[in-house]
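Welcome! Keep the picture in view as you read.

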Amino acid sequence: MFTDFIVRNASSLKGKLWQSTSADWSLQQYLLSSTSISNDVLKILLDGVVLQDLSMIKAALPEGRWVMLVASSFLPYSSEVREIVLNTCPHLEGQYLVERWDLAKAEIDISSLQLDSMLTLSKSKALPLTQKIQMWSGLSLETIESKPEAVPELGRVSMLANKAGERFADPLMPVLRHLVRNASLTSEQRSEMLTQCLPGMKWPEVAAALGLLDDEDFKTVSAKVKKIKVRNTESNRRLVNEMRSEGYLARVTSEDDVIIATTRPSAMTSEDA
């Protein structure tokens with residue numbers, strides 16, 4: 001009966017249940033642990049509240065409760081709460097940090113986070129691009145390949161880095177050169193990753209990666225080809241400019257929806273040539 005009353009009158013009870021003292025804790029514990037109280041009702045009732053008694057989140061909670069809690073304003077940030085999140089639902093640590101990054105960033109060593117949490121932070125707007133680049137730059141090939149969604153996300157961050165004129169740290173470059181041919185990348189992600197790691201690559205490696213792009217003239221470019229025409233997209237412009245910087249292309253011009261570039265066949269040789 002009491003629970004039914006709470007559910008029916010949640011909106012009118014909002015802000016009227018709490019005295020901001022320890023007297024609130026037992027009711028908060030009851031509401032959090034009750035399977036009859038939905039997350040939507042809880043969000044109304046706990047609006048403006050900050051949970052103080054951490055024993056209530058150490059107790060068993062209904063399925064789906066933690067997903068709501070980590071995204072809520074009433075679950076505070078502290079190293080102790082973070083530890084509880086890690087022990088209870090480690091896959092939600094990243095979301096917990098994203099929602100509280102302004103408070104968490106001073107004490108979090110990004111490089112020590114689990115990959116799941118890094119991915120959540122990478123996909124969020126909480127971290128500035130420079131920190132995302134730093135975070136990815138410290139990862140090994142084995143670590144990145146352990147999560148299927150990590151490779152496309154690294155391709156996405158490559159695009160953001162290219163747009164901003166930023167580069168990953170040198171230790172990541174061999175990793176990128178390996179991943180640039182990964183089947184999980186879209187053509188655009190592959191192009192952006194290649195733009196990042198192209199300096200220092202041998203022509204056969206470059207040609208192999210170009211062969212996986214959508215534009216036909218990237219697939220066929222070689223020492224025997226004098227000119228290429230590719231779609232005039234931001235991604236293609238960045239890659240073509242990088243290829244010119246590395247000496248593979250000479251003159252580059254744009255005409256409406258295509259980029260036209262003349263090649264430098266002398267640069268397109270195998271390592272032993």
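Strand E2 (residues 249-255) and strand E3 (residues 258-263) run antiparallel and are joined by 5 bridges. Strands here are DSSP runs of E with at least two residues, helices are runs of H or I with at least four, and both are numbered from the N terminus. Two strands pair if DSSP finds at least two bridges between them. This is a predicted model, in which local features need pLDDT of at least 70 and side-chain atom pairs count only at pLDDT 80 or more, while totals for chains, interfaces and linings use all residues. Residues are numbered from 1 along each chain as its sequence is written, and side-chain values use heavy atoms, with hydrogens and water left out.

**The hairpin and its sheet**

- Ser 254 has Ile 259 of E3 as its bridge partner, and Glu 255 stands opposite Val 258 in E3.
- Between the strands of the E2 and E3 hairpin there are 2 residues, and Asp 256 takes a positive phi near 50 degrees.
- The open sheet has 3 strands in the order E1-E3-E2, with antiparallel pairing.
- Strand E1 (227-231) and E2 are at the edges with a single partner strand each, so one side of each has no neighbour in the sheet.
- From one strand to the next, the twist averages 20 degrees.
- In a regular strand, side chains alternate between the two faces of the sheet.

**The helix across the sheet**

- H18 lies across E1, E2 and E3, and runs at about 155 degrees to E2; such angles go from 0 to 180 degrees between N-to-C directions, with axes fitted to C-alpha atoms, for helices over the stretch in contact.
- Helix H18 (residues 234-245) contains Asn 236.
- Asn 236 counts as buried because its relative accessibility is 4% (buried means under 20% relative accessible area, exposed over 50%, partly exposed in between, with a 1.4 Å probe and protein chains only).
- Leaving aside residues up to four places away in sequence, Asn 236 touches Ser 191, Asp 215, Phe 218, Val 230, Arg 231 and Ile 259, where contact means heavy atoms within 4.5 Å.

**A pair of packed helices**

- Helix H11 (residues 129-137) packs against helix H13 (residues 150-164) at an angle of about 135 degrees, with the axes 10 Å apart.
- H11 and H13 are therefore oblique to each other (under 35 degrees is roughly parallel, over 145 roughly antiparallel, 65 to 115 roughly perpendicular, and the rest oblique).
- The residues making this contact include Leu 129 and Trp 136 of H11, and Leu 154 and Val 157 of H13.
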